[in-house]
Number of protein chains: 2
Amino acid sequence: MVPAPPPAAPGEPAPPLRRRGERMRAAVLAATVGVLAEHGLAGTTVGAVARAAGVHETSLYRRWRTRENLILDALSEQADAALPVPDTGRVRDDLAAYFAALARLLATAQGEALLRLSAERDETLPDRRLPYWTERLERGAVMVRRGVERGELAPDTDPALVVEALAGPLFTRALISGAPLGEAYASHLVDLVLGGALPRDRPAPETPAPE
Amino acid sequence: MVPAPPPAAPGEPAPPLRRRGERMRAAVLAATVGVLAEHGLAGTTVGAVARAAGVHETSLYRRWRTRENLILDALSEQADAALPVPDTGRVRDDLAAYFAALARLLATAQGEALLRLSAERDETLPDRRLPYWTERLERGAVMVRRGVERGELAPDTDPALVVEALAGPLFTRALISGAPLGEAYASHLVDLVLGGALPRDRPAPETPAPE
DNA sequence: AGGCTAACGCAAGGCGCCTTGCTTTACATC
DNA sequence: GATGTAAAGCAAGGCGCCTTGCGTTAGCCT
């Protein structure tokens, strides 16, 4: 006897259409983002996503292995196009724009969730999280290198170090202190890291002093 | 009928001595640090700590409410004395020493666990985690202020910003990238944040160029 | 010593993450 | 249209965090 599909509760628009393969994947990722937006990171349980997508929990575990992976997959497909690398011809402006965009991303619930999940180590499976951020930071390093080549920065500048000095504080605000993540903050950071904190007898590089 | 205490398995040195109050607290915190050192943060389950301390799980929940709180309590009692604020008369050396010490702390399993737990937000109970780090960073700001007063740094220097620029990258390495946290790294960071990345015609401030 | 009370032990259970063994079904292929 | 197979459904269960209700006891106080 084949049990009839449970009669959809009146108001429930979704007769459990059997989705499979790519259709199911898309539906689940969409449902994940939805649940995430509605109930936050903590409220995004595998069961909730499964119900929202009209799919069995086991299927999620089979395809994504862990809750973390699932959410990460959903998020990275969304937040991927962001963060273009500007090329204005001035390091300061490039960096300011890029890290302002990063700050905007991290101020987003999704950006914060992405970062937060990235902080949770997981030795078991190949990690797509570290790559995600390192790739983005590597793009920042490119801008620094261009600045060095143009002679805007000291020739012995360590691009990776500069990028870490810029991204680290943003990450920290998002993860730990919860302090506001505005574009102004990113801008001040860039000025500090490029210009330093030493007394300067000449006016700061090319930036109209921010204040 | 009073059930006799379960005959200690041969080799098990601990007849379940009934501990209570302060004795129990101390025993549990010690056991927590022990389990933490042996099995890592993920392996530190409430059950494991309870067994190691010879105490019932329920008691831990009653006293500490959550696993997080328990571990945090155990850790902060340990890692507290660390991080003295140096005062050499030179900002650079003060900051280098202080943040090298922070790097050493974060390279520790316990330091990393402390930071990692701090990144997990918990809206429910009063948080002792954020204060822990903000207090430590505030100490760093003191050193920067001294530098400004001494004229070593520009008068419009934002101490909080400088401290965030120094601590952020260390936190990020500990939490996200997992890159090595050496004292050399802290030193380079200090040089970058104080000196900036702009080309300098005069030799860098007072530091023998690191390289 | 006896008695009070807060502190513990204990059992049961809920929820979430995750696994496993087995059945059912969608989809492609012949 | 029959058939084969991989993908999905389903049920059961383990583990960890956490809660609750109730019995037991340690430790203090008189």
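**View 1. The annotated stretch of chain A, residues 45–64.** Over residues 45–64 of chain A the chain is 80% helix and 0% strand, with its end C-alpha atoms 13 Å apart; here helices (H or I, at least four residues) and strands (E, at least two) are DSSP runs, numbered from the N terminus. In UniProt, an unreviewed entry places the feature "DNA-binding region" at residues 45–64 of chain A; UniProt positions follow the numbering used here, feature names are shortened, and annotations may be inferred rather than shown by experiment. The model is a predicted one, in which local features need pLDDT of at least 70 and side-chain atom pairs count only at pLDDT 80 or more, while totals for chains, interfaces and linings use all residues. Residues are numbered from 1 along each chain as its sequence is written, and chains are lettered from A and ligands numbered from 1 in the order in which they are written.

**View 2. The protein surface near DNA strand D.** Of the 20 residues around DNA strand D, those that come nearest are A:His56, A:Ser59, B:Thr45, B:Thr66 and B:Arg67, where a residue is near a molecule or strand if its C-beta atom, placed from the backbone, lies within 6 Å of it. At least two residues of this surface are supplied by each of helix H1 (21–43) and helix H3 (57–64) of chain A, and by each of helix H2 (46–53) and helix H3 (57–64) of chain B. H3(A) gives the most to the surface near DNA strand D, with 3 residues. By class, the surface near DNA strand D has 5 nonpolar, 9 polar and 6 charged residues; Ala, Val, Leu, Ile, Met, Phe, Trp, Tyr, Cys and Pro count as nonpolar, Asp, Glu, Lys and Arg as charged, and the others, Gly among them, as polar.

View 3. A:Arg65 is placed in the loop between H3 and H4 of chain A, and its phi is near 75 degrees, a positive value in a residue other than glycine. Most residues other than glycine have a negative phi, and most peptide bonds are trans. A:Arg65 counts as partly exposed because it has 13 C-beta neighbours inside 10 Å; a residue is buried if 20 or more other C-beta atoms lie within 10 Å of its own, exposed if 12 or fewer, and partly exposed in between, with C-beta atoms placed from the backbone. B:Arg65 lies in the loop between H3 and H4 of chain B and has a positive phi of about 75 degrees although it is not a glycine. With 12 other C-beta atoms within 10 Å, B:Arg65 is exposed.

View 4. The domain assignment of chain A gives domain 1 (21–78) and domain 2 (91–195), with bounds that come from an automatic or database domain assignment. The centres of domain 1 and domain 2 of chain A, taken over C-alpha atoms, are separated by 28 Å. In chain A, 10 residues of domain 1 are in contact with 12 residues of domain 2, two residues being in contact if their C-beta atoms, placed from the backbone, lie within 7 Å. On the domain 1 side of this contact in chain A, the elements that give two or more residues are H1 and helix H4 (67–78), and H4(A) gives the most, with 6 residues. That side of domain 1 has 6 nonpolar, 2 polar and 2 charged residues.

View 5. A:Arg92 lies in helix H5 (residues 91–107) of chain A and is buried, with 23 other C-beta atoms within 10 Å. A:Arg92 and A:Gly195 are 103 residues apart in sequence, yet their C-alpha atoms are 9.8 Å apart in space. In chain B, helix H5 (residues 91–107) has 17 residues and reaches 24 Å from its first C-alpha to its last, close to the 24 Å expected at 1.5 Å a residue, the expected span being 1.5 Å times one less than the number of residues. Because 13 of the 17 residues of H5(B) are buried, this helix is largely enclosed by the rest of the structure.

**View 6. The side of chain B that touches chain A.** Here 34 residues of chain B are in contact with 34 residues of chain A. On the chain B side, two or more residues come from each of helix H6 (109–119), helix H7 (129–149), helix H8 (159–177) and helix H9 (183–195), and H8(B) gives the most, with 12 residues. This side of chain B has 21 nonpolar, 10 polar and 3 charged residues.
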